[in-house]
Amino acid sequence: MTQTQAVPLPFLNNGSEISALIRSKDWSQHPLGSPDGWPAHLRMAVSLMLNSQFPMFVWWGPELYTLYNDAYRPIAGDKHPALLGQSGREGWAEIWPVLNPLVESVFRGNSTWSADQVLYMNRHGFVEETYFTFSYSPITDDSGSVIGLHCACIETTEKVLAVRKLEESERNLRNTILQSPVAMCILKGPSYKVEIANSRMYALWGRGADQLLHRPIFDGLPEARHQGLEELLERVYRNGETVTARERAVQLPREDSVETLYLNFVYEPFREGDGSVSGVLAVAFDVTEQVAARKKVEKSEQQVRAMVESAPFPIGVFVGRDMRITLANQSLMNAWGKGGDVIGKRYAEVLPELEGSGIYEQLDKVFTTGRPYRARNQRVELQVEGELRPFFFNYDFTPLFDTEGQVYGVMNTAADVTDLNEAKLKVEQSERNFRSMILQAPVAMCILLGPDHVVDIANELMIGLWGKPPEQVLNKPIFEGLPDAREQGLEALLAGVLQTGIPFTANERPVELVRNGQKETVYQNFVYEPYRDADGQILGVLAISIDVTPQVLARQKIEEIVVQRTRELAHSNEALHKSNEELIRTNNNLEEFAYAASHDMKEPIRKIHFFSDLLKGELEAQLNDRQKQLFNRMEQASKRMGTLVDDLLAYSHASKGMLQEEPIDLNQKIKVVLEDLELEIQQKNAVVTAGPLPTIKGNRRQIQQLFQNLISNALKYSKPDVPPEVHIRAQKVLGADMQPSLTQAEAGREYHFIEVRDNGIGFPQADAERIFHVFTRLHGNAEYRGTGVGLSIVRKVVNNHGGIIWAESEPGQGSAFKILLPVV
Ligand code: ADP
């Protein structure tokens, strides 16, 4: 073994790690031998190498003994330090197949250059993919033969792998973009050229790759310009910001129009390996439908809200068991009278005055059970403007359910019926007043309701009139409680008033009643008035009655006495025959007196009329309305007095009996009468017809009066809106055929039957006899003027002519006046 290192070798003395190693290495057994014996070319190459900072090695001789520098050490990996002096072939056996051809080429005198050459090295105990850029150059001896190889190399593994990674990530990005379920693209450079875009993005743009790919986006898609997108892209491209947009409205082409789409999108800087921004990565999501749907919901929500807000009745929503107010419209806040600051508060907090009213409990029950609560006309006391006031509400508590079917709150709707209630109370009050008025009235009064005329209320006087215990009549149909009043024409009267609403008035009407167990005829003046509700609907009949039985009975008594006296007179005619002359004179005197009185009264009446007229004319200008009215009334009264006197004159004339008799052609007579009544006929649009009439024997003036009275009544008692029709006809009959009440003698006689028939208001058959009495009137003077004398004259005239007269009628059905005059 030779001890080396006797002399320090200057080429191995540069202070590097490897030079020290070479020096210290035992080269004695190595074919190269000790460094001091190395050929000058080798020493030169090693010296050069050791002084370089660049990774280098030398392969020396055909065996390719390896020498390298410090910079190469990391490349050698675990092969160091064994690699030092080792044959390259052995040291790099795993990659030799790649290197060998190069090495051989070098030994043939060539230099090589390999860039990023992949080498699968095993330098750390495993096979590793490495990349190197290196050059081999031959080392030649003085004769030019290649004796070694010099290599400068640099490992590019990291760079290559980085590049590959970059490529891969770019590929991945491309794939990601292309396969992405959302629209994506990369816009490159300051003009935003479409570098790549997936089909969704093209669909979003509304334009294909043929028009957009590799073109500046705003060139291919001018529709997208000037919507602020340029600025957004700029921020990303210039400043490296990330821009996010939500539901941004963007106009984009669709078929042949431009539409507004709503997009969520992100613009991100697209960076190069060196971190510089080279473009914009855009990810977009079309949310047009969602936005439209939401807008629709929002709109309908808004509509509902607006509806609720403006609803004219209170609406509120209280949520949770503690009834927090989440909605209260103006109407509700008005009703509560607590101002507008109620939202978010608890119901009990806003309406503490309801404590103890049971309303909290109602709400809680609705919340617990999920069943609605409904109150009608409920009195609720609310604190309004610091004062506890009563209100009346119709209100509903309706449970509100969430999607899981759980109650989450209660909706409150209500209607303030306070006014209604007050009105109702007022109506009730006035109804009460009315009723107490009826009960206290000094005349008999009652109300009969509905078609059955149920006795709703009747005062004591009325019950007394009926002569029945109150419990028998009250609250029952009148004809049930008072069956004895049936079939006397009253049913029709009541029904008529109920139906037509026209009041009915009766004077001295006889009604048969069983009073206190006895059948009696009572005479009544009564009014049936329609009884209406607030809407004017007829509910029943208000009857006011005055019992005039005593008066009527008294008068009847007098009449009876008169009749009796007359009869007695007639019977004792014989007896009186002697004083007949005197009697006639007396009688005549009386009649004459009446006649003269009436006649004489005519003059003063005319004067009253004349002078008052004169006075009125002179005073006219100074008179106030009231005074004028007084004048009018004076005139009316004197006029009426005039007619009364005329009627009385006619009556007394008729009372004189038959004065002169002569044949009278009734056809002629009627003609004259109709001429007299012409004005009235015209005014009332009346139709009067007369059949062929006979010639009779009688008093001209009286017969004229008879027809005058009958026809003028027929015209006068007409229905307000029906033109009067009057038919006069005559026929020869046998007395018995027409009137069963005639005596035997009369029944067999021949008569002229004359009828005057009208279509007027008629009257109850029960009154058919009474109307022939002097001063008897069935109809009020307000509607139908008259004196009640006309028909008594008519009867007198008929009697004077040895005939009889009777009337047939029914209310509303017209009347017929029938006369029998003996044929002579
Ligand atoms: P007046 O002057 O009242 O008409 P009358 O003696 O002529 O007096 O008639 C008596 C009453 O008989 C009248 O008030 C009226 O109620 C009734 N009356 C008479 N004629 C008719 C008729 N054609 N239709 C209905 N009622 C009549």
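Strand β11 (residues 315–319) is joined to β12 by four bridges, and the two run antiparallel. Helices (H or I, at least four residues) and strands (E, at least two) are DSSP runs, numbered from the N terminus. Two strands are taken as paired if DSSP finds at least two bridges between them. Within this pair, Val317 has Leu327 of β12 as its bridge partner. The model is predicted, and local features need pLDDT of at least 70, side-chain atom pairs count only at pLDDT 80 or more, and totals for chains, interfaces and linings use all residues. Residues are numbered from 1 along each chain as its sequence is written, and side-chain values use heavy atoms, with hydrogens and water left out.

Both strands belong to an open sheet of five, in the order β12-β11-β15-β14-β13, with antiparallel pairing. The edges are β12 (324–328) and β13 (373–384), each of which pairs on one side only. Neighbouring strands of this sheet are turned by 35° against each other on average, direction ignored. Axes here are lines fitted to C-alpha atoms, for helices over the stretch in contact, and angles run from 0 to 180 degrees between N-to-C directions. Helix α14 (residues 359–369) lies across β11, β13, β14 (387–401) and β15 (407–416). Its direction is at about 5° to β14. Contact means heavy atoms within 4.5 Å.

Another open sheet has five strands in the order β17-β16-β20-β19-β18, and its pairing is antiparallel. β17 (454–458) and β18 (504–515) stand at its edges with a single partner strand each, so one side of each is left without a neighbour in the sheet. The twist averages 35° from one strand to the next. Six bridges connect β16 (residues 444–449) with β20 (residues 538–547), and these strands run antiparallel. Leu448 stands opposite Val541 in β20. Helix α15 (residues 418–440) packs on the sheet and touches β16, β17, β19 (518–532) and β20. The direction of α15 makes about 80° with that of β17.

The second largest pocket holds about 1,200 Å³ of space. Of its 44 lining residues, Asn713, Lys716, Arg785, Gly786 and Thr787 are the closest to its centre. A pocket is an open set of points on a 1 Å grid over the protein atoms alone, where a 1.4 Å probe fits, with protein on both sides within 12 Å along at least five of seven lines; lining residues have an atom within 4 Å of a point. Grid points are joined across faces, edges and corners, and the volume is the space filled by probe spheres set on the points. Helix α26 (700–716) is among the elements that each supply at least two lining residues. The largest share, nine residues, comes from α26. By class, the lining has 15 nonpolar, 15 polar and 14 charged residues. Ala, Val, Leu, Ile, Met, Phe, Trp, Tyr, Cys and Pro count as nonpolar, Asp, Glu, Lys and Arg as charged, and the others, Gly among them, as polar.

The count of aromatic pairs comes to 27. Tyr202 and Trp205 form one that is edge-to-face, at 5.7 Å centre to centre and 75° between the planes. Rings of Phe, Tyr and Trp (its six-membered ring) pair if their centres lie within 6.5 Å; planes under 30 degrees apart count as stacked, over 60 as edge-to-face and the rest as tilted.

Two backbone features lie in loops. A cis peptide bond, with omega about 5°, joins His80 and Pro81. Pro81 lies in the loop between α3 (73–76) and α4 (88–91).
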